[in-house]
Amino acid sequence: MDNKTKIGDLIEQLQEVAQCKATRDLKGSWYKGSRTYLDALVSEVKEVEEELDPWRQCFLEDEVGDLLWNLVCLIEHLELEGKVNKSDIFRRSLKKYTERVTSRAFNESWDDVKKRQKLELQREYEQQSNS
């Protein structure tokens, strides 16, 4: 297996664990909706930042893993709440950064692509609002 496949498999397995956790969260009294994981993301970013300077790789990887975990859980709960479609998040992200990194024209800047993408999102939003 190449690295891409391995990482894809690992992400898929992490999502499966997050789905199980989401089911348990809904039964818990501590859970306050997707905001629970959004708040945790903010906290974890600070912990990642703390591990950057001492360069303790295992601790840094652990904290980045916590950041990833909370992001996966946030996405899971946003989907359960009917606010997003998990697959669409990945599709949109892949499209967005492919256009900004590997598909942009030679004379086009990151900001040029970003502005174009914002206009496309606005048009999509307006079409959804009018339907």
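Predicted model: local features only at pLDDT ≥ 70, side-chain atom pairs only at ≥ 80, totals over all residues.
When I speak of a helix this morning, I mean a DSSP run of H or I that is at least four residues long, and the helices are numbered from the N terminus. With that in mind, the residue I would like to begin with is Ile-75, whose place is in helix H3.

Is Ile-75 buried or exposed? Its relative accessibility is 11%, and since the cut-off for buried is under 20%, Ile-75 counts as buried. If we set aside residues up to four places away in sequence, Ile-75 touches Val-84, Lys-86 and Ile-89. To place it against another part of the chain, Pro-54 lies 21 residues away in sequence, and the C-alpha atoms of Ile-75 and Pro-54 are 31 Å apart in space.

Let me stay with H3 and move to Asn-70, which also has its place in that helix. Asn-70 has a relative accessibility of 8%, and therefore counts as buried. Apart from its neighbours within four places in sequence, its contacts are Tyr-37, Ala-40, Leu-41 and Glu-44.

Leu-67 is another residue of helix H3, but here the relative accessible area is 23%, which means that Leu-67 is partly exposed. Beyond four places in sequence, Leu-67 touches Leu-41, Glu-44, Val-45 and Val-48, and you will recall that Leu-41 and Glu-44 were on the contact list of Asn-70 as well. Leu-67 can also be set against Glu-47, which is 20 residues away in sequence, with a C-alpha to C-alpha distance of 9.0 Å.

As general background, nonpolar side chains in soluble globular proteins tend to be buried together. Which residues make up the largest nonpolar core in this model? There are 8 of them, namely Ala-18, Tyr-31, Tyr-37, Leu-41, Val-72, Cys-73, Leu-74 and Leu-78. Two elements each give two or more residues to this core, helix H2, covering 35-52, and helix H3, covering 57-80, and it is H3 that gives the most, with 4 residues. One of the core residues, Leu-78, is in contact with Ser-34, Lys-83 and Val-84, once its neighbours within four places in sequence are left aside. Val-84, then, is touched by Leu-78 and also by Ile-75.

Between H2 and H3 there is a loop, and Trp-55 has its place in it. Trp-55 is not a glycine, and yet it has a positive phi of about 50°. With a relative accessible area of 57%, against a cut-off of over 50%, Trp-55 counts as exposed.

Now to the aromatic pairs, of which a search of the whole structure finds 2. In one of them, Trp-30 and Tyr-31 are arranged edge-to-face, with 6.1 Å from centre to centre and 80° between the planes. The accessibility of Trp-30 is 43%, so this residue counts as partly exposed, whereas Tyr-31, at 13%, counts as buried. Tyr-31 is also one of the residues of the largest nonpolar core.

In the pair formed by Tyr-97 and Trp-110, the ring centres are 6.1 Å apart and the planes stand at 45°, which is why this pair is described as tilted. The pair links distant parts of the chain, with Tyr-97 in helix H4 and Trp-110 in helix H5, 13 residues apart. Tyr-97 has a relative accessibility of 37% and counts as partly exposed, and Trp-110, with a relative accessible area of 36%, is partly exposed too.

How do H4 and H5 themselves meet? Helix H4 runs over residues 86-101 and helix H5 over residues 110-130, and their axes come within 9 Å and cross at roughly 145°. That crossing is right-handed. On the H4 side the residues in contact include Arg-92, Lys-95, Lys-96 and Tyr-97, and on the H5 side they include Trp-110, Val-113, Lys-114 and Glu-120. By class, this contact has 5 nonpolar, 1 polar and 9 charged residues.

I will finish with Thr-23, which has its place in helix H1, residues 3-27. Thr-23 has a relative accessibility of 43% and counts as partly exposed. Its C-alpha atom is separated by 35 Å from that of Gln-117, a residue 94 places away along the chain, and Gln-117 is one of the H5 residues that meet H4.

How values were computed
Residues numbered from 1 in each chain as written. Heavy atoms only, no water. Axes fitted to C-alpha atoms, helices over the stretch in contact; angles between N-to-C directions. Left-handed = near helix turned anticlockwise from the far one by under 90°. Contact = heavy atoms within 4.5 Å. Nonpolar A, V, L, I, M, F, W, Y, C, P; charged D, E, K, R; others polar. Buried < 20%, exposed > 50% of the residue type's maximum accessible area, 1.4 Å probe, protein only. Core = buried A, V, L, I, M, F, W, Y, C linked by side-chain atoms within 4.5 Å. Phe/Tyr/Trp six-rings, centres within 6.5 Å; stacked < 30°, edge-to-face > 60°.
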